[in-house]
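Me: Please examine the model shown below. Several questions about the interface between its chains will follow.

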Number of protein chains: 2
Amino acid sequence: MKTEREPIDFYFDFLSMYGYFASLRIEELAARHGRTVRWHSMLLGVSVMKTMGLKPLLETPLKGDYVIHDSERYTRRHGLQLHRKVTDPMMDPRAAARGFYWLRRNRPGQESSFARIAFDQYWRQAFDLSASQTVAQIGPALGVDELIFLEGIESETARNDLREAVAASLARGVFGAPFFIVDGEPFWGSDRLDMLDQWLASGGW
Amino acid sequence: MKTEREPIDFYFDFLSMYGYFASLRIEELAARHGRTVRWHSMLLGVSVMKTMGLKPLLETPLKGDYVIHDSERYTRRHGLQLHRKVTDPMMDPRAAARGFYWLRRNRPGQESSFARIAFDQYWRQAFDLSASQTVAQIGPALGVDELIFLEGIESETARNDLREAVAASLARGVFGAPFFIVDGEPFWGSDRLDMLDQWLASGGW
């Protein structure tokens, strides 16, 4: 018998504005098809760029300009008010990613709530979440003591979990963000959410 | 007064399967919005890759595998029967591109019919159109004598027209295929055709 209702694996990087856009839609989309979402924090810069040998998107001639234009168009279209621009200096995303994996291990189920708060703080409110101390301040909103969370973010276990998660994402062929896998089927890019939607509705092609 | 009903500029490379997919849909889409399509043959490998400093798509780790999977999924979904695989050796696209620009100059209006035939021969029928002689054989279907067309494909004027067209596409920020510009608004990728459709329907965001 075919296994039904596998969750949708959703891979993102806090640095990716398109990942942020997708994070705002994926839960609603999944729920419409009776699916849940398994969130995966990854690091495009640290691992994928190296693996693929590509330079950062905004430093790619022509494509960089397009991405700036396209992301601004997306925010207008969806009525988003972002204080961060895609061209603003980027944070170091590792503390936030470690916070995500500490929660997955120690407060399972809370990590996606954390991801949504961190995305919102980074992109809409333009916070800098590079420092573990800043990330730890999200803890109380999730019922996690700030100092315990800080210790977790800095822990060797969280570092290992992040390393393993990034390696696992590469092993599954994830090379960009957002990236979705459902029933073994990969979809790359926020502009493929509609295709994912149609795939789930139709049962695949 | 705003200029209405500007044509949609459609940039493609005969080598791009996604460009081929888009070529099958763009005229119908444009017609629904009372627009015409201005076709532009370009050379991703010769110019854009060099300008952007990127390696060929299929040679990019992880992404290459995704593209193979995704293009096969697209052909299933749209019921296409292609004899060429995206992994098959590529032709040299320059003769076909020169044929396109010779027609634009000498039989204006015929170049898009030529492009559709060349796309069909390359992707669906898996012809190799590297040789000017092979491309010239498309001439009679367009009412153009094969030998006159061959001379045109080999002419200095066609070479210059192609060079200028590629330079002009780069100057407009075109970095991939398919690429569309309508009313100054750029859209990249066959998965943005729906967005282009919505843009035209809504008057933009």
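Me: How many residues of chain A are in contact with chain B?

Reply: This is a predicted model, in which local features need pLDDT of at least 70 and side-chain atom pairs count only at pLDDT 80 or more, while totals for chains, interfaces and linings use all residues. Residues are numbered from 1 along each chain as its sequence is written, and side-chain values use heavy atoms, with hydrogens and water left out. Contact means heavy atoms within 4.5 Å. On the side of chain B, 31 residues take part, and the number in chain A is 31.

Me: What area is buried between chain A and chain B?

Reply: Buried area is the accessible area (1.4 Å probe) that two parts lose on being put together, summed over both. Carbon and sulfur atoms give 58% of the total, which is about 3200 Å².

Me: Which three residues supply more than any other three of the area that chain A buries against chain B?

Reply: Together they supply 21% of that area. They are Leu62(A), Tyr66(A) and Arg77(A).

Me: Which residue of chain A meets Asp70(B) in a salt bridge?

Reply: A salt bridge requires a side-chain nitrogen of Lys or Arg within 4 Å of a carboxyl oxygen of Asp or Glu. The rule finds four across the interface of chain A and chain B. In the one with Asp70(B), the N to O distance is 2.7 Å, and the partner is Arg192(A).

Me: Is Arg163(B) buried, partly exposed or exposed?

Reply: Buried means under 20% relative accessible area and exposed over 50%, with partly exposed in between (1.4 Å probe, protein chains only). Because its relative accessibility is 48%, Arg163(B) counts as partly exposed.

Key: Chains lettered and ligands numbered in written order.
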